[in-house]
Amino acid sequence: MRQISPTSPEPRASRFLRRYLFSADHKVIGVQYFFLSLAAALAGAVLSLLMRIHLVWPHMAIPLLGEIKPENYLGFLTVHGTLMVFFVLSTVPQNGFGTYFLPLQLGASEMAFPGLNMVGFWTVLVSFLVLMTALFVPGGASIAGWTQYAPLSAIAAAGPGQGTGTDLWLISIGLFCVGTVLSAINFITTTVRRRAPGMDWMRMPLPCWAWFVTAILSLLAFSILLAALVMLMLDRHAGTNFFVPAGLVVSGRAVEHSGGSPLLWQHLFWFFGHPEVYIAILPAMGITSHLLSVFSRKPVFGYKAMVTATLAIGALGFMVWGHHMFVSGMNPYAGFAFSTLTTAIAVPSAIKVFNWLGTIYGGRIRFSTPMLFSIGFVSLFITGGLTGPLLAQPALDAYLHDTYFVVAHFHLIMAMAGLFAVFAATHFWFPKMFGRMMNERLGALHFWITLAGAYAIFMPMHLLGIAGHPRRYSELTGVQYVAAMAPLQKFITVAVIVTVAGQLVFLVNLFWSMLKGPRAGANPWDCSTLEWTLASPAPVAGFAGRLPVVNRGPYEYSVPGAEVDFLPQDAPATHGS
Amino acid sequence: MPITSEHVELERKPKLGGGGPGKTPHRRGYGGGDDGDPDRFRDFHSRKERLRRLRVGVVLCIVSVGTLFVCLTLAYVFRRQMGPWDPLTKGYVRDWISVRLPYVQLWINTAVLLLSSITLELARRRMTRQVEFAELGIQPIRFGRDFPWLGLTVLLGFGFLAGQLIVWNQFRLQGVFQHANPGSSFFFILTGMHALHLVGGLLALLYAAAGSVVRIRFESQMLAVEATGWYWHFMAGLWMYIFALLYFVR
Amino acid sequence: MAIALLLALILITLASACLFVVHPWWFPAGVSAQAAAMDHGFKVALWLLGTLFIAGQITLAFFVVRSRRRAKAAYYQGNWRFEAAWTLTIAALFFWFNVSGEKLWSRMMIHHGAPGAVQVEVTGAQFQWYFRYPGADGVFGRTNAQKFAHPEEGNPLGLDPADPAGRDDIVSAALVLPANRDIELILHAQDVIHSLFIPAMRFKQDAVPGMSIHAQIRPVQPGNYEIACAELCGTGHYRMRAAVRVVSEEQFAAWQKARAANE
């Protein structure tokens, strides 16, 4: 990047652009990702609200939108899923907080490739904008869900939104793949080559391990998704035949393609899709481990086991994709293998839960907002995680596949638990990012509303699935036994409205604190990792010129014989400890 | 605040615990910080460090691209062997039509690409030597002094792409890409994706080559060539692999 | 705050447990041969996972509360014995759970074609199910949807008029089945992926275009049940339903005869 001297007569606008918009400073880029995800989360939440309202009050006229039609509902469903999975859960825990804090926690002055970092962000931003335009084009957004199963996604005549809407979706996610792979290259190189002196692999804070493993998963998984997207785009426009078989008739007209296999799309997509959900949750788990330790004033219980479990989950995550396809027409013998491997993933996940509980046990807990959300994360992870082994049994999944039971499962573990970790991380790192403290009272209020809401919405949803209510239904009036479940759907919708409204508390807290919150010191939480040795907000220069030297592990809390109840990682080595 | 010691439990067997509670001096060559010397640290902006960083980045890039092609290979192999399932015969329908490859043109393209790999390697070594001589004070760097190996590489790269375009055009005129032939779809996507990634490498080389004219830092130019070097050789190897795949798995 | 968390987690645990015990909405009564085994599998699963859920939440709540009056936290890096014991226990538990699930799966899916099964071809199209019976000759006629399908003229599946085997095929919008006989379903799809879901029979199988998927069921209880589509297939996905009528053997034969006479 071109160097500017502080006294150069550069116009203010250009300085502002360089400092806050087109900056290669990882801290600025981290904040940019954070706000991008926030916008995506808000959009996704609004869409989910519209979906829930339409489901139980189908003829209600929404201001500015009028009555929602089935194709609108499905378009909202697709964009909601895409926004939340890609632009929120795959972005803010990894690219948002990771970009900001990976270098700082490793004691690096910058990421390995700062320019690439910036390019990655702008690619993801363009990807987001392209996706949002899909809602406004003729035909609307794609109606095939975020999973875009072929041939529905491959044939433009198969439904409204399957023309331009789907093309835009493909371009958007294609760009997202590229941006994320660039980011992943950056993360891995930074972790391998830019650790501060003394920062051994086994002295890295657990979020850094999580970001590292997630980056490896991203590198591999998004490359595969890109392959699948290119193949689908070619099928749609270049007359190739990867996914569309012969003999199809859509809307009374014969389809020209032949020789393709819809199952090939499912295999490719889920080979990406399953690691994707681990990409979404691993950083959250790393952050939770970290926060539980900080706020229990205790080392993480079983650090090595945590690292091993993270690696195991990452590796096993690539071998279980078939559990999304038990009833897809896939060879039933394959079901045996996928089922066993999927149940195997429950073991490292159980190790992590055990270790979280072990970290809390015997601790002196500080009930700050980040701790509340971390405890909430553990609770929700247990709940959402336990329905996983059930769905891993093909015989039981044969009934529950594509019902609301699955929706409850992934919302509890991905959306709610993942989101709780994001809220916890926001409250925790807010002082370092913006130099002020968030309000604890509002934080606690937000926590209680969201915890109650999460359980109120998604616990009863399991019953809908058990009763056989399929998912992605835009109305309840089609199938009789589904219509009979309308009262429960109504209850869930009311819970959603209350919970989404409750998120206003968070928004108010966030923006008010940014402008008027009490100023924070360098280390308001008495945390031992390296980012807290910098002033708040983190200075532009970061560690430049005075790299820290690391002398101990990241979780030295309540060390016997020490005067204060934590030892910073770069404090000089004394007492031969 | 008084520290009572009632709950002190020192874990002296950090088998599964221990985020490494302060082991100084720590082990040599663990990879992390200073490889044994806690008082000195790496200069993250030195040429050596920049190079190593770039190399890690390029390796990761290669892994990503490699994954893409592993994925396409698997799809190709499975599709060839297993068409739609026919329950009457309890087997897969073999509806695969082999694509007849224009070997002459493809071998020419291969030769061009391999040649470009050689010229790039020559360019890379010369540039590295120039930078090292300059660092040792033996000889200052002079732009445009040497044979334009880099420029030749770029030309050969374009030559390969032109050759591929000829092959695709031939197929298009023969009507291979239409009409229900999964083999042709895979041919197109395998060679097409390779060409696309080659263009990426070409752009990097153009940036480096343009440096001779536009006067960017010679070190940056050299690093660009270094990084692209491995990538370019990988692209050549990948092309050999694709060619072999399309030939043996027809 | 610790007490509040304790109460909240206990409340959540109790409410969830009540919800699953009282279950105001639940599985419909199982009316196929595989339903009993599946329901048993579900029961085992829900009990096992429910116990772990309650244990997990209560442990969390208890540990949180326990920390309230501490002066100093314990400097405790971990205990590999506990870790190993827990890992082995949970691995054994889930392994046992998985094996019982696999046994059920093999019983459901690995079957060797019962002779004398009633064959029904199921075709999903946007947004309608069609059920075809082979008729008196026991042979399905050839279909070519692209050439011959005209739903408005009564030939939605595209039966080839030149094929004599197709003349006695019965195409119905409802799935009529005789009780207590093996049924072989052959699933097709005309346009996009659909999924035949009969909750009462605990049956679900995707219908994939370009594939001919065989599945077996055995209804044991006469009655009327519903089919819902369980794979997103377009704007009409929510109303892609059909009726299943399980009748006695005689009624089934009579129905077939009546339909054959009509066509």
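Student: How far apart are the C-alpha centres of domain 1 of chain C and domain 2 of chain C?

Tutor: In this predicted model, the C-alpha centres of domain 1 of chain C and domain 2 of chain C lie 38 Å apart. The bounds come from an automatic or database domain assignment.

Student: Before we go on, what are the ground rules for the model?

Tutor: Residues are numbered from 1 along each chain as its sequence is written, while chains are lettered from A and ligands numbered from 1 in the order in which they are written. The model is predicted, local features need pLDDT of at least 70, side-chain atom pairs count only at pLDDT 80 or more, and totals for chains, interfaces and linings use all residues.

Student: Back to chain C, then. Which residues belong to which domain?

Tutor: Domain 1 of chain C is assigned 2-67 + 79-109, and domain 2 is assigned 118-262.

Student: And how many residues from each domain take part in the contact?

Tutor: Domain 1 of chain C contributes nine residues and domain 2 of chain C contributes 13 residues, contact meaning C-beta atoms, placed from the backbone, within 7 Å. On the domain 1 side there are six nonpolar, three polar and no charged residues. Here Ala, Val, Leu, Ile, Met, Phe, Trp, Tyr, Cys and Pro count as nonpolar, Asp, Glu, Lys and Arg as charged, and the others, Gly among them, as polar.

Student: What is the radius of gyration of chain C, against that of a compact globule?

Tutor: Chain C has 26 Å, whereas a compact globule of 263 residues would have a radius of gyration near 18 Å. This radius is taken over C-alpha atoms, and the globule rule is 2.2 Å times the number of residues to the power 0.38. Along the principal axes, the C-alpha atoms of chain C fill a box of roughly 90 × 40 × 35 Å. Its secondary structure amounts to five helices and ten strands, taken as DSSP runs numbered from the N terminus (H or I, at least four residues, for helices; E, at least two, for strands).

Student: What about chain A?

Tutor: Chain A has 16 helices and four strands. Its radius of gyration is 24 Å, close to the 25 Å that the globule rule gives for 577 residues, so chain A is as compact as a globular protein of that length. The C-alpha box of chain A is roughly 80 × 60 × 50 Å along the principal axes.

Student: Let us turn to packing inside chain A. At what angle do helix 2 and helix 3 of chain A cross?

Tutor: Helix 2 (residues 26-56) and helix 3 (residues 70-89) of chain A cross at roughly 150°, and their axes come within 9 Å. Axes are lines fitted to C-alpha atoms, for helices over the stretch in contact, with angles from 0 to 180 degrees between N-to-C directions. The two helices of chain A are therefore roughly antiparallel. Angles under 35 degrees count as roughly parallel, over 145 as roughly antiparallel, 65 to 115 as roughly perpendicular and the rest as oblique.

Student: Which residue classes make up that contact?

Tutor: The contact of helix 2 with helix 3 of chain A has 15 nonpolar, five polar and no charged residues.

Student: Is helix 8 of chain A roughly parallel or antiparallel to helix 10 of chain A?

Tutor: The axes of helix 8 (residues 262-296) and helix 10 of chain A cross at roughly 15° and come within 9 Å. These helices of chain A are therefore roughly parallel.

Student: Changing topic: where are the cis peptide bonds?

Tutor: One runs from A:Ser536 to A:Pro537, with omega near -10°, and A:Pro537 is in the segment after helix 16 (486-516) of chain A. Another runs from C:Gln126 to C:Phe127, with omega near -5°; C:Phe127 is in the loop between strand 1 (118-125) and strand 2 (128-133) of chain C.

Student: What is the phi of A:Ser251?

Tutor: A:Ser251 has a positive phi of about 50° although it is not a glycine. A:Ser251 lies in the loop between strand 3 (249-250) and strand 4 (253-254) of chain A.

Definitions and conventions: Contact = placed C-beta atoms within 7 Å.
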